[in-house]
Amino acid sequence: MPAPNEALLISGRKQRGADALPFKIVTGHGVFVAPIISKATRLTLAMQEAEVVEDCYTKQGLTLAVQAVIAFKVGDDHESIAAAARRFQGDQRQMPTLVGRIFSGHLRSIIGSMTVEAIIREQQTLADAIVDASKTEMARIGLAVDSLQISSIDDKGVGYIRALAAPHQAKVNQDAAIAQAAADQASAMAQQESARFQAEYARQTAIARAQYQAEIDQAQQTAAQAGPLAAARAQQDVLVERSLVAQKNAELRQAELIAEVVRPAEAEAERIRTLARAQADATKLSAEAAAAQDRIALDQMVIQQLPELLQAAAQGLQGANVTVLDGAEGLNSVVASLAAQGTAMLETIRAGLRATPAGTDVAALNGNRVETHPAA
């Protein structure tokens with residue numbers, strides 16, 4: 001049973017056909033090999049590597065030490081396997097050596113037609129030219145080239161390559177310095193931008209933290225005030241209720257006082273006022289009655305003494321210096337008239353007192369005018 005990267009060569013039996021090979025090639029599947037009659041050998045189809053280190057002369061005659069690495073393998077087709085089997089079945093380790101020799105010859109030939117500058121600048125073109133030149137020989141021995149890489153080119157200490165590379169190296173160094181400066185500037189700008197972003201982020205963070213802290217403080221303050229405010233409102237409600245109760249109690253007490261004190265006092269005062277008015281009326285009536293009795297008594301006394309008074313007046317007129325128009329007869333006439341008028345007045349008063357015991361105007365009874373003159 002061959003491996004995936006192997007070809008099994010079965011020999012021992014005669015193969016038929018004009019172009020028949022002395023062995024049978026088996027790949028990708030197993031085959032029965034009869035002992036003693038047949039023999040099976042393996043041919044690797046894996047990738048192999050050959051290295052070439054060769055001193056070559058350039059078109060200018062300069063010597064270059066060129067090192068290249070070739071990757072190759074046995075071809076996958078039947079013809080390539082058969083060709084490789086004929087040449088390397090006995091010793092497969094000869095394949096890298098033979099490949100190296102083939103490529104060494106083509107390497108020297110192609111480098112001899114190129115300048116050092118072209119070799120250095122066009123290494124891939126050099127590698128492709130070598131591969132193209134070696135394909136025919138490689139196919140003839142059943143091998144296929146996968147790739148060729150020029151690993152190093154050295155002028156063996158002459159310094160030519162270094163001199164050629166100096167301007168480019170200087171330009172490269174200059175470009176590298178410019179690029180480094182640009183990179184440093186970009187890095188500095190990036191650092192400054194990063195620092196600015198960090199500062200801005202820190203500022204925004206501080207502002208947000210302050211806002212959050214303010215909200216927290218306000219919430220805590222509100223929560224802390226909620227209890228005292230609720231207690232104050234409850235106390236206020238209690239005071240209002242107490243005020244209402246006190247007002248009701250005052251109103252009730254006022255109603256009780258009115259009912260118990262004011263109303264009885266008012267009733268007592270009214271009773272007293274009624275009694276006082278009654279007493280006053282009685283007193284007034286009594287006073288009026290007394291006054292009336294007094295006047296009556298006085299009137300009676302005046303009336304009783306009126307004749308004597310008239311008599312005394314008449315006697316006084318007789319001794320007084322009175323001018324009488326009619327002489328002695330006139331005086332007698334006056335005295336007689338006074339006596340007559342006094343008697344008439346007395347009768348009138350008595351009649352009035354019998355008709356109206358009170359309110360009699362005694363002065364109305366004196367209607368005459370008497371003029372008297374003191375004696376000389």
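A cavity here is a set of points, on a 1 Å grid over the protein atoms alone, where a 1.4 Å probe fits but cannot get out, and its lining residues have an atom within 4 Å of a point. This is a predicted model, where local features need pLDDT of at least 70 and side-chain atom pairs count only at pLDDT 80 or more, while totals for chains, interfaces and linings use all residues. Residues are numbered from 1 along each chain as its sequence is written, and side-chain values use heavy atoms, with hydrogens and water left out.

**Overall layout**
- The protein has six helices and six strands, taken as DSSP runs (helices H or I, at least four residues; strands E, at least two) numbered from the N terminus.
- Along the sequence they run β-β-β-β-β-α-α-α-α-β-α-α.
- Of the 376 residues, 22% are buried (under 20% relative accessible area, with a 1.4 Å probe and protein chains only).

**The cavity**
- There's one cavity of 30 Å³ or more, and the largest cavity holds about 40 Å³, a volume being the space filled by probe spheres set on grid points joined across faces, edges and corners.
- Its lining is made up of Leu62, Thr63, Leu64, Val116, Asp155, Val158, Tyr160 and Ile161.
- β5 (63–74) and α5 (160–319) are the elements giving two or more residues to that lining.

**A surface patch**
- Leu257, Val261 and Val262 make a nonpolar surface patch with about 200 Å² of accessible area together.
- Patch members have over 30% relative accessible area and no salt bridge, and nonpolar side chains (Val, Leu, Ile, Met, Phe, Trp, Tyr) are joined within 5 Å; a salt bridge puts a side-chain nitrogen of Lys or Arg within 4 Å of a carboxyl oxygen of Asp or Glu.
- Areas come from the Shrake-Rupley method with a 1.4 Å probe.
- Leu257 sits in helix α5 and is partly exposed, at 34% relative accessible area.

Notes
On a 1 Å grid over the protein atoms alone, a cavity is a set of points where a 1.4 Å probe fits but cannot get out, and a pocket is an open set with protein on both sides within 12 Å along at least five of seven lines; lining residues have an atom within 4 Å of a point. Patches are made of residues with over 30% relative accessible area and no salt bridge: like charges are joined within 9 Å, nonpolar side chains (Val, Leu, Ile, Met, Phe, Trp, Tyr) within 5 Å. Buried means under 20% relative accessible area, exposed over 50%, partly exposed in between (1.4 Å probe, protein chains only).
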